[in-house]
Amino acid sequence: MKAVRIEAYQNMPCYRKASSFRLRETYPLPPYSTVIGMVHKACGFTGYHSMRISVQGEYCSTVNDIYTHYEFNPVPKGKTESKDYVERYNIGYYSKDNTHHRLNRGTGYHELLTDVRLLIHVCPDDESMVDAIYQGMLNPSYYPSLGRWEDLLRIDLVEKCEIYENIINNATFTLNRNAYIPVEFYKGNEFNYKITGTRYKINKRYTINPKTELRQWVEQIDVIYASPQSKIVKGAIYSKDSKGDAVFLT
């Protein structure tokens, strides 16, 4: 099975958890949806291309940083010029139809990872797209980023590789780096990885709700965030690439 292997680096990214507000917490690795979006943008795709993704990596530490927070508020009918409304929201602006709006500007905190090194495998369902993704990552049509728009991705290596699945492990070994491992990989005796870690439900694919025009997640992957201390025991079935690294596609 053909895939594109990407080795990359980020300085201080934030892969925000959607459920965090007061302190914008980050996932320890970029979610699948974020990686898929980056690939589509870099390659200039205008339609969705189904693909399987493996995300692994490591970082040095976490820090908290301050950011400017804007809060947009619905316009109450008949109250746009009232003293109470004007004083409650500290910035005013006018829309194209000359309606007066107000918003709040304040500060908040977000969690950042430092010195993130990533190993990403991209395996499109249509193998004929491998060359397009490879060329797109070598010469992106738009600057690649993961997380926020400003979280630039420095791509250190892009290469085509083969993914070998259903390999029976002949000896127990540990992971080389942190990884998202889908729960389906170690259900039952056949996938007995003996892995412990933090459990997440990671977004992968969404559609646009035609009524609200907002994103609606239709595919979420139940994963374990495993560390290099996690063991893949003898007799387990796993996947690896042509460089010998374990791969966890979903």
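A residue is termed partly exposed when its relative accessible area lies between the limits for buried (under 20%) and exposed (over 50%). These terms are used in the legends below, which describe close-up views of a predicted model.

**View A. Asp-115 and Asn-166, two non-glycine residues with positive phi.** Asp-115 occupies the loop that connects strand 6 (100–114) to strand 7 (116–124). Its phi is near 50°. The relative accessible area of Asp-115 is 32%, and therefore the residue is classed as partly exposed. Asn-166, in turn, belongs to strand 8 and has a phi of about 55°. Because its relative accessibility is 62%, Asn-166 counts as exposed.

**View B. Overall setting of the close-ups.** The protein contains three helices and 15 strands. Its chain comprises 250 residues, of which 44% count as buried. Among contacts with a separation of 6 or more, 77% involve residues 24 or more positions apart.

**View C. Asp-151 in the loop between helix 3 (130–138) and strand 8 (154–168).** Is Asp-151 buried or exposed? With a relative accessibility of 4%, Asp-151 falls under the 20% limit and so counts as buried. Its side chain reaches the backbone nitrogen of Cys-14 at a distance of 3.1 Å. Apart from neighbours within four places in sequence, the residues in contact with Asp-151 are Gln-10, Met-12, Pro-13, Cys-14, Ser-145 and Leu-146.

**View D. A nonpolar surface patch formed by Tyr-142, Tyr-143, Trp-149 and Leu-152.** Together, these four side chains contribute about 450 Å² of accessible area. Tyr-143 lies in the loop between helix 3 and strand 8, and it counts as partly exposed because its relative accessibility is 37%. Tyr-142, at 34%, is likewise partly exposed, whereas Trp-149, at 56%, is exposed.

**View E. Aromatic pairing in the model, with Tyr-142 and Trp-149 as one example.** A pair of aromatic rings is described by the distance of the centres and the angle of the planes. The count of aromatic pairs comes to seven. Tyr-142 and Trp-149 make up an edge-to-face pair, with 6.1 Å from centre to centre and 75° between the planes. Elsewhere, ring pairs join Tyr-32, Tyr-180 and Tyr-225 into a cluster.

**View F. Salt bridges of Glu-159 with Arg-5 and with Lys-243.** Side chains of opposite charge can pair when their charged atoms come close. The side chains of Glu-159 and Arg-5 meet at 3.6 Å, N to O. This pair connects distant parts of the chain, with Glu-159 in strand 8 and Arg-5 in strand 1 (residues 2–10), 154 residues apart. Both Glu-159 and Arg-5 are buried. Glu-159 also forms a salt bridge with Lys-243, whose closest N and O atoms are 3.0 Å apart. Here the link runs from strand 8, which holds Glu-159, to the loop between strand 14 (237–241) and strand 15 (246–247), which holds Lys-243, across 84 residues of sequence. Lys-243 counts as partly exposed, because its relative accessibility is 48%. For the whole structure, the search finds 13 salt bridges.

**View G. The salt bridge between Asp-131 and Lys-160.** The closest N and O atoms of this pair are 2.4 Å apart. Because Asp-131 lies in helix 3 and Lys-160 in strand 8, the pair ties together parts separated by 29 residues in sequence. Asp-131 is partly exposed, with a relative accessible area of 43%. Lys-160 is also partly exposed, at 44%.

**View H. Asn-209 in the loop between strand 11 (197–208) and strand 12 (215–226).** Which backbone nitrogen does the side chain of Asn-209 reach? It is the nitrogen of Lys-211, at 2.9 Å. When residues up to four places away in sequence are set aside, Asn-209 touches Leu-214 and Gln-216.

Note on methods
Residues numbered from 1 in each chain as written. Predicted model: local features only at pLDDT ≥ 70, side-chain atom pairs only at ≥ 80, totals over all residues. Heavy atoms only, no water. Helix = DSSP H or I, 4+ residues; strand = E, 2+ residues; numbered from the N terminus. Buried < 20%, exposed > 50% of the residue type's maximum accessible area, 1.4 Å probe, protein only. Contact = heavy atoms within 4.5 Å. Polar contact = N/O pair within 3.5 Å; in protein donor to acceptor, adjacent residues only side chain to side chain. Patch = residues over 30% accessible without salt bridge, like charges linked within 9 Å, V, L, I, M, F, W, Y side chains within 5 Å. Areas by Shrake-Rupley, 256 points an atom, 1.4 Å probe, with all protein chains shown as cover. Phe/Tyr/Trp six-rings, centres within 6.5 Å; stacked < 30°, edge-to-face > 60°.
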